[in-house]
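This report looks at a few residues and at the nonpolar cores of one protein. The sequence and structure come first.

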Amino acid sequence: MPELIAWVLLVVIAAYACAGGTDYGAGFWDLVAGGAERGKRPRWLIDHAMAPVWEANNVWLIFVLVVMWTGFPTMFQAVFSAMWLPLALAAVGLVFRGAGFALRKPSRRLAQRRIYGAMFAISSLLTPFFLGAVLGGIASGRVAVGTTASADAWANETSVLAGLLAIAATAFLGAVFLCSDARRFGAHDLVDYFRLRALLAFAGVVVLALVALPVTHHDARYVWDGLTEGAGLLLIVLAAVCGLATVLLLVRRSYGGSRYTSVASVALAIGAWGFAQRPYVLPTSLTVTEAAGAPHTLRWLVIVTVIAIILVGPALVLLYRLDTMGELEELTDADTRAAGTPGDNL
């Protein structure tokens, strides 16, 4: 049963990396869209593309915390004790990101929209970076039961590269999804705009992955060994194939299929990391069995998880389906032309 719960945790982490990561990626492109006039159209598209689903995507993060806290309390305590600072900064980023996104759209004054937009965009970089840094610290074996909080746990070379890879991967996902959204909303000039950015983001992922090879070999040897043999290697190869397939689909302007391949590439990479760590949740100090909670707690966690899948799963699938079909919120002609609102000049 501990193994089952561990795989559930890995699946939920992958789901958050893909769903929440797409939103973080949109925030990245919001940040680099340019000034008020130059970035007006991309930001309008980002607002309308994210609006129906951005809150629902955070459900996966709640699942991660609940499963980790309940199923593996020893791991939870060790990670949050050693990594409280980056996790706190990620949480602050989540709050400011949500507040910025929610308050920017109804704001009438340009100055206010700029402030809220900056909160949203900058937090969209900080949160995935710090979450990636935490995963890097865990993968490099710097977290164990009793480890005290220190900068070395998350400000090391593996953590920094993992944080940058998280930003690049989310930017890749966000741009791929925004290509489809631009086409769906009839903002045809933005299709090629985000297509180019998706290709650039993928190039960034490749460069960072190549840089990470020697770093992982030196600094996270156990995970390196798991990624270069067996199931870990297979999933990494499949992730690379899906990433290249996404590039090919973008080049051929097949934007619907590119969503699935881009999500698959990120999810498979997360899966490879999970396989590489087996049988540890904290390499090489804490195994899945050692970290697991009491047997009766795990049984109830399995029951609750099954109920959640039955009740919440179909609703989320329907939400995503309606969103991709454009049934939840449509852009008007005024929106796609980035029409001004009262107070723009104030």
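Leaving aside its neighbours within four places in sequence, which residues is S180 in contact with? In this predicted model, the contacts of S180 beyond those neighbours are Y255, G256 and R259. With R259 there is also a polar contact, side chain to side chain, at 3.4 Å. S180 itself sits in helix α8, which covers residues 157-184. S180 counts as buried because its relative accessibility is 11%, and the cut-off for buried is under 20%.

With a relative accessible area of 39%, V32 is partly exposed. V32 and A121 are 89 residues apart in sequence, while their C-alpha atoms are 8.6 Å apart in space.

The table sets the two residues side by side.

| Residue | Relative accessible area | Class |
|---|---|---|
| S180 | 11% | buried |
| V32 | 39% | partly exposed |

The largest nonpolar core has 78 residues, and those touching the most other members are W29, F72, M75, V79, M83, F194 and L282. Helix α1 (residues 2-31) gives this core its largest share, 13 residues. Apart from this core lies another of five residues, including L161, A168, A212 and V215.

V79 is one of the residues that touch the most other members of the largest core. Beyond its neighbours within four places in sequence, V79 is in contact with M68, W84, L87, V134, I138, V143 and L282.

Technical notes:
Residues numbered from 1 in each chain as written. Predicted model: local features only at pLDDT ≥ 70, side-chain atom pairs only at ≥ 80, totals over all residues. Heavy atoms only, no water. Helix = DSSP H or I, 4+ residues; strand = E, 2+ residues; numbered from the N terminus. Buried < 20%, exposed > 50% of the residue type's maximum accessible area, 1.4 Å probe, protein only. Polar contact = N/O pair within 3.5 Å; in protein donor to acceptor, adjacent residues only side chain to side chain. Contact = heavy atoms within 4.5 Å. Core = buried A, V, L, I, M, F, W, Y, C linked by side-chain atoms within 4.5 Å.
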